[in-house]
Amino acid sequence: PEDWDTEPEKILDAEAKQPEDWDTEDDGEWEAPMIPNPAYKGEWSPKMIENPAYKGEWKAARIPNPEYAEDKNMYLAQAPLKYVGIDIWQVTAGSIFDNIIIGDNLDEVNAIIDATWKATKDAESEAFTASEKKAEDEKPAAEESA
């Protein structure tokens, strides 16, 4: 609440005195030390209300399911996959996802990578750099005409 406590946690010690051997030139400006404020109430927190009906942390009821049967092959693909769903959350726009490979043979996957991604990555990188440079060059011209 706004009216809870306007007192600071620490205050200057009013009884503190500057030491006699204090040299402002060498030691700097003297400041009284801070001490705990006896009027400070601390951070506000709501009062805990007694609840006689409290039974502890809630847990879902475990009830038996007579129709349940474990299926060890549930996640095995029975036929070649036709579709793959990928949910992507990104903070910055402009990410491109292509050439997605799902496989079970690393040598085959590496061969596909060599034939697709590795064959085009340098050209794509150069095209991106050129596009960025062009945008940078056009930016000052647009600012001058504004």
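**Figure 1. The whole chain, shown as a predicted model.** This is a predicted model, in which local features need pLDDT of at least 70 and side-chain atom pairs count only at pLDDT 80 or more, while totals for chains, interfaces and linings use all residues. Residues are numbered from 1 along each chain as its sequence is written, and side-chain values use heavy atoms, with hydrogens and water left out. The protein chain has an average pLDDT (the predictor's confidence in each residue, from 0 to 100) of 85, and 95% of its residues score at least 70. Three helices and two strands make up its secondary structure, in the order β-α-β-α-α from the N terminus; these elements are DSSP runs numbered from the N terminus, helices being H or I with at least four residues and strands E with at least two. Confidence is lowest in α3, with a mean of 84, and highest in strand β2 (residues 34-36), with 93.

**Figure 2. The extent of the chain.** The protein chain has a radius of gyration of 35 Å, whereas a compact globule of 146 residues would have one near 15 Å; the radius is taken over C-alpha atoms, and the globule rule is 2.2 Å times the number of residues to the power 0.38. Along its principal axes, the C-alpha trace spans about 85 × 70 × 40 Å. Of the 146 residues, 2% are buried.

**Figure 3. Strand β1 and Lys 10.** Lys 10 lies in strand β1 (residues 10-12) and counts as partly exposed, at 45% relative accessibility. Although Lys 10 and Pro 33 are 23 residues apart in sequence, their C-alpha atoms are 9.6 Å apart in space.

**Figure 4. Salt bridges.** Side chains of opposite charge can pair when their charged atoms come close. The structure holds three salt bridges, each defined as a side-chain nitrogen of Lys or Arg within 4 Å of a carboxyl oxygen of Asp or Glu. Lys 118 pairs with Asp 114, with 3.3 Å between the closest N and O atoms. Glu 70 and Lys 72 meet at 3.7 Å, N to O; Glu 70 is exposed at 59% relative accessibility, and Lys 72 is exposed at 70%. Asp 137 and Lys 133 meet at 3.5 Å, N to O, and, because these two residues are four apart in helix α3 (residues 117-145), about one helical turn separates them. Lys 133 is exposed, with a relative accessible area of 53%.

**Figure 5. The largest pocket.** Gly 94, Ile 96, Asp 98, Glu 124, Ser 125 and Phe 128 line the largest pocket, which has a volume of about 180 Å³. On a 1 Å grid over the protein atoms alone, a pocket is an open set of points where a 1.4 Å probe fits, with protein on both sides within 12 Å along at least five of seven lines, and lining residues have an atom within 4 Å of a point. Grid points are joined across faces, edges and corners, and the volume is the space filled by probe spheres set on the points. The lining divides into two nonpolar, two polar and two charged residues, where Ala, Val, Leu, Ile, Met, Phe, Trp, Tyr, Cys and Pro count as nonpolar, Asp, Glu, Lys and Arg as charged, and the others, Gly among them, as polar.

Methods: Buried < 20%, exposed > 50% of the residue type's maximum accessible area, 1.4 Å probe, protein only.
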